[in-house]
Amino acid sequence: MLSVRERILQGLLALLSPVATAHGATLARAPTVPTERARLPALLLFPESETVRRLNDRAERELTLRLVALALGSANTAPDIRVDALMSAAHAALMADSTLGGLALSVEETDTEWSHDDADGEAVALSSRYRLTYRTFFHDLTQKG
């Protein structure tokens with residue numbers, strides 16, 4: 001059986017897939033190589049860290065995720081506008097059900113960063129971090145606690 005963490009991550013990808021499709025974007029989980037410019041715009045999901053606090057036989061876990069929207073400019077739209085639209089739609093999808101179908105206790109946005117690259121055509125990355133709180137049994141990562 002999959003851990004609650006893995007079920008959350010798979011649920012997030014399923015939730016973000018229609019958003020990516022609607023924006024003509026590629027969706028990827030923790031890619032290990034840079035996204036090719038031909039695959040932009042892109043929406044990337046990176047699990048970054050998790051803290052654990054023991055509560056008797058249960059554990060409260062805070063999973064930190066980074067969601068990155070990448071885009072190039074087009075003839076009539078600046079890349080800033082394209083990544084903002086993609087991230088706004090992704091954020092709305094994440095916040096529509098802050099329990100992710102009952103797997104999480106809460107979802108909170110924690111910070112956002114912008115990055116510009118104009119080495120060979122203007123590209124923008126918009127990166128937002130989210131903290132997802134959920135519980136498991138302390139000795140069993142597959143069971144909600």
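Author: Ala30 has a relative accessible area of 31% and is therefore partly exposed, since that term covers values between buried (under 20%) and exposed (over 50%), with a 1.4 Å probe and protein chains only. The model is predicted: local features need pLDDT of at least 70, side-chain atom pairs count only at pLDDT 80 or more, and totals for chains, interfaces and linings use all residues. Residues are numbered from 1 along each chain as its sequence is written, and side-chain values use heavy atoms, leaving out hydrogens and water.

Reader: What is the phi of Ala30, and where is Ala30 found?

Author: Its phi is near 40°, a positive value in a residue other than glycine. Ala30 is found in the loop between S1 and S2.

Reader: Why does Thr142 count as buried?

Author: Its relative accessibility is 18%, so Thr142 counts as buried. Thr142 lies in strand S6 (residues 140–144), strands being DSSP runs of E with at least two residues and helices runs of H or I with at least four, numbered from the N terminus.

Reader: Why is H1 called oblique to H2?

Author: Helix H1 (residues 4–22) and helix H2 (residues 79–96) pack at about 135°, with their axes 9 Å apart. That angle makes H1 oblique to H2, because angles under 35 degrees count as roughly parallel, over 145 as roughly antiparallel, 65 to 115 as roughly perpendicular and the rest as oblique. The angles run from 0 to 180 degrees between N-to-C directions, and the axes are lines fitted to C-alpha atoms, for helices over the stretch in contact (heavy atoms within 4.5 Å).
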